[in-house]
Amino acid sequence: MLTTVLASLLAEIARRILRLVLLLAAVAVASFVLMVNSPVDPISVYVGADIAAIGPQQRALIAERWGFDDPPLERFGAWLGNLLQGDLGYSLTFNQPVGEVIAQRFLTSLALMAVAWLLSGVIGFGLGLLAGVHRGRTLDRVVTWWAYTLASAPTFWVGLLLLYVFSVWLGWTPLCCAVPVGVVADEVDLLDRIHHLLLPAVTLSIVGVAPVVLHTRQAVVEAMESDFVAFARAQGESTSGLVLHRVLRNAAAPALLLQFSSWGELFGGSVLAEQVFSYPGLGAATTQAALAQDVPLLLGIALFTTVFVFVGNQLGDLVHAWVDPRVRRPRLTAGRGVRARALAEEAA
Amino acid sequence: MTTAETVVSGAALRLPDRRRRTLWWIASALVVVAAVVVAGTAAVDTAQATSLTERNLAPSWGHPFGTDRLGRDVLARTLAGLRLSLVVGTLAALVSAAIAVVLACAAAVFGGIVDRIVCWLVDAFLALPHLVLLILLAFALGGGTHAVVVAVALTHWPTLTRVLRGQARQVVGSDYVAIARGLGSSAPAIAAGHLARHLLGHVVVGTVLLFPHAILHEAALSFLGLGVDPAEPSIGVLLAESMRYLTAGAWWLALLPGLCLLIVVKLVDTIGENARALVDPRSVHL
């Protein structure tokens, strides 16, 4: 018995890893094709401002040195070979290997995204619960209207307004960056970092709140209308008891699933929030790489964010199965999270 | 006066029913959106007219939205930008919806390997964060307005495809399609005769609801400097420019254009949600 469970578990893990590998291969091929076909001239990117001083012979030498004239398939092979050895290439924008840029920048972004993710999850779940329990009343209408409005608001505009009110007008928060300007990295204390993190994180969480509110509200409404809640109410259970013992867990499962599968949106939001607040994370690096035509870094970020989103989805499935025992049985678990997510998207 | 007439006039005095209110919402939102397009078209020239004596003015009666660093009227620029947003949004929503319909129908009608390929394509397009995908595409197409339009149009179909595929599978699995098959209808005939009719409502609603996403993504790309040519007025470009003058206290440059974008997006969303209420009445009662 135990061995069959273990075998099916291993098969499931192998299946998912295969899926990730296939996705990564697709992303790698597709983005490489896009980059090769882009009208950007790699030589002028490499040389930079001195391009006017470069003659045709020097051009040919540079092209030969970096293999710019090789057939695309050969270049792809070379890139893939390096990639498999863990070498993502060199970023000219940051003058550092791509792997290092992504690692450093991602850690900076991680603080921002983690705070925003927790904030939007907790606030969104709380508001959704309130709205669902008070369905049809003023509170519900206000919360729902607010969530729909937020869903229509551009992230960067919300960020600009917060920046104006809190940094320019009230002067409570710093204007930019992750650390105070002109201070040596070792002398920056945690309080300073939090102070700089506050506004970008709030921006990112405000926009992330809307879907959580709407989904939680819907799950709560469905649970409140179910037979088990009707029976409990008939037995004299109070509303708070109903929510605590019968509804909470039912609403938590879809909210958690959604929150984990929204890592892609979270990263997209951080690209915009980091641009507004000049926060030096991976999102800002993505924008810089595209503006500076830094192809190796863009390719690296594409692959990295694919893994990031995939990990979020897998964690979502795991947590969903943990909170909702109905999806836990091994055979049936496969794809159940995917289906639930599709349903959630349909509802949105 | 007969009894029947009394009943009719009595009905006219009462509040309109929900269906009529829904239709009224759709109609008035459409009128406002159309007005924005007309006003935006009229404002294209004013949007670029500079006046160096009237730089960075706060909102006043002459310039309700104030002026920017070159003395251009921000209201005219906002209207022109909204028009651009609506054009990009319409194009993107139509192209993406067309892709979604073809893929979803193919998946449902042919099933098997085609279905698996479509599902895998959807997964592959959702594997990257949407904004990163847009940045890659816009970069590969060399930037500029046409690059944004193409990038936004080609990436908004996956979620709609998933929804439509679910709906289409229901139809294909139903008894009447089985009977049609038994009577010798071909796959294209089933797709046209049974599927298309059932899906029409969902497609219309899905298309309208794609619209806000497309508009916001266009604005985001332009804001990052990877989208619409900075010389053209677009809401994203306006907001990116406003960032430099925010510390100087020019709040109107950021607040008002963004608010207008929010209102237009919410209007289109209202149209979509109300249309959904007509097509799928069950969704209203949730």
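Contact here means heavy atoms within 4.5 Å of each other. With that cut-off in hand, let us walk through this predicted model, starting where its two chains meet. By this criterion, 55 residues of chain A are in contact with 47 residues of chain B.

How much area do chain A and chain B bury between them? The figure is about 4,300 Å², and 76% of it lies on carbon and sulfur atoms. The size of an interface is often given as the accessible area lost when the parts come together. The predictor, for its part, assigns the complex an ipTM of 0.84 and a pTM of 0.85.

Next, the polar side of this interface. Between chain A and chain B there are 4 residue pairs in polar contact, counting pairs with both residues at pLDDT 80 or more. Salt bridges across the interface number 1. It joins the side chains of A:Arg19 and B:Asp123, with a distance of 3.2 Å from N to O. Of the side of chain A that touches chain B, the largest share comes from α1(A), which supplies 9 residues.

Which residue forms a salt bridge with A:Glu12? The partner is A:Arg15, and the closest N and O atoms of the pair are 3.5 Å apart. Both A:Glu12 and A:Arg15 sit in helix α1 of chain A, 3 residues apart, or about one turn of the helix. Over all chains, the structure holds 13 salt bridges.

Stepping back to chain A as a whole, its domain assignment gives domain 1 (42-87) and domain 2 (104-328). Taken over C-alpha atoms, the centres of domain 1 of chain A and domain 2 of chain A are separated by 41 Å. Chain A averages a pLDDT of 83, and 91% of its residues score at least 70. One stretch to treat with care is residues 330-336 of chain A, where pLDDT stays under 50. For that stretch of chain A, the model has 9 contacts beyond four places in sequence.

Now over to chain B. How many helices and strands does chain B have? There are 12 helices and 0 strands, and the C-alpha trace of chain B spans about 80 × 70 × 30 Å along its principal axes. Chain B averages a pLDDT of 83, with 93% of the residues scoring at least 70. Within chain B, confidence is lowest in helix α1 (residues 3-13) of chain B, at a mean of 48, and highest in helix α6 (residues 130-140) of chain B, at 91. Over residues 1-11 of chain B, pLDDT stays under 50, and the model has 1 contact beyond four places in sequence for them.

Key. Residues are numbered from 1 along each chain as its sequence is written. Chains are lettered from A and ligands numbered from 1 in the order in which they are written. Side-chain values use heavy atoms; hydrogens and water are left out. Buried area is the accessible area (1.4 Å probe) that two parts lose on being put together, summed over both. A salt bridge is a side-chain nitrogen of Lys or Arg within 4 Å of a carboxyl oxygen of Asp or Glu. A polar contact is a pair of N or O atoms within 3.5 Å; within protein, one must be able to donate a hydrogen and the other to accept it, and residues adjacent in sequence count only if both atoms are side-chain atoms. Helices (H or I, at least four residues) and strands (E, at least two) are DSSP runs, numbered from the N terminus. Domain bounds come from an automatic or database domain assignment. pLDDT is the predictor's confidence in each residue, from 0 to 100.
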